Amino acid sequence: MTIYSDDLVQITNWIGGLSTSAFGAYDAVTGSGTVWHGLTMAYCGVALAYTTGSFQDYLRRRDTRVVAHLADNPGSSLPQICAATGLHKDRVGSSLQRLIVDGLVLSESGRSYRLTR
């Protein structure tokens, strides 16, 4: 299983955002720093975790572009999908990986892809 960069960004945003938020809340409550400093950190952490949701919307739109291409062009290869959608191969690979796991796309010999019926 390959982990692509956009998946790592999503995980990093969640972990980093929630950790920063928790540390900021702890700092505000325990008084080891100023209350405003802690609350600001907590707010920034929540904002970082929240942006992951908008990132998920981007992933869904990107996956839709891949599905739309495969609907009209079954048996397309990774380079063909990239050329048609204008997306980088890592992004298309990540979308294909999610779509395969979800049961929407089949990989034929690892070289071409088509929608399931």
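Does M41 count as buried or exposed, and at what relative accessibility? In this predicted model, M41 counts as buried, at 18% relative accessibility.

**View 1. Overview of the protein and its secondary structure.** The secondary structure comes to 4 helices and 2 strands. Read from the N terminus, the order of the elements is α-α-α-α-β-β. The protein has 117 residues, of which 33% count as buried. Among contacts with a separation of 6 or more, 55% are between residues 24 or more positions apart.

View 2. M41 is found in helix α2. Its 18% relative accessibility lies under the 20% limit, so M41 counts as buried. Leaving aside neighbours within four places in sequence, the residues in contact with M41 are T20, S21, F23 and G24. G17 is 24 residues from M41 along the chain, and the C-alpha atoms of the two are separated by 9.5 Å.

**View 3. Nonpolar surface patch that includes L18.** L8, I11, W14, I15 and L18 make a nonpolar surface patch of about 490 Å². L18 is found in helix α1, which covers residues 5–30. With 46% relative accessibility, L18 counts as partly exposed.

**View 4. The largest nonpolar core.** This core has 10 residues: V66, L70, I81, C82, L87, V92, L96, L99, V105 and Y113. Two or more core residues come from each of α2 (35–72), α3 (78–85) and α4 (89–101). The most is given by α4, with 3 residues. In soluble globular proteins, nonpolar side chains tend to be buried together.

**View 5. Helix α3 and the residue that follows.** The buried residues of α3 are I81, C82 and T85. These residues lie on the same side of α3 because the arc they cover around the axis is only 100 degrees. An α-helix has 3.6 residues a turn, so residues three or four places apart point the same way. The exposed residues P79, A83 and A84 are carried on the face turned away from the buried side of α3. Not counting residues up to four places away in sequence, C82 touches L87, H88, K89 and V92. G86 follows α3 and has a positive phi, near 75 degrees.

**View 6. Salt bridge between D63 and R98.** The structure holds 2 salt bridges. In one of them, the side chains of D63 and R98 meet with an N to O distance of 3.0 Å. D63 belongs to helix α2 and R98 to helix α4; the two are 35 residues apart, and the pair links distant parts of the chain. D63 counts as buried, at 12% relative accessibility. Side chains of opposite charge can pair when their charged atoms come close.

**View 7. Salt bridge between E108 and R114.** E108 and R114 form a salt bridge in which the closest N and O atoms are 2.5 Å apart. R114 has a relative accessible area of 26% and is partly exposed. E108 also counts as partly exposed, at 31% relative accessibility.

Definitions and conventions
Residues are numbered from 1 along each chain as its sequence is written. This is a predicted model: local features need pLDDT of at least 70, side-chain atom pairs count only at pLDDT 80 or more; totals for chains, interfaces and linings use all residues. Side-chain values use heavy atoms; hydrogens and water are left out. A nonpolar core is a set of buried Ala, Val, Leu, Ile, Met, Phe, Trp, Tyr and Cys residues joined through side-chain atoms within 4.5 Å. Buried means under 20% relative accessible area, exposed over 50%, partly exposed in between (1.4 Å probe, protein chains only). Contact means heavy atoms within 4.5 Å. The arc is that of the directions from the helix axis to the C-beta atoms. Patches are made of residues with over 30% relative accessible area and no salt bridge: like charges are joined within 9 Å, nonpolar side chains (Val, Leu, Ile, Met, Phe, Trp, Tyr) within 5 Å. Accessible areas come from the Shrake-Rupley method with a 1.4 Å probe; for residues, only the protein chains shown count as cover. A salt bridge is a side-chain nitrogen of Lys or Arg within 4 Å of a carboxyl oxygen of Asp or Glu.
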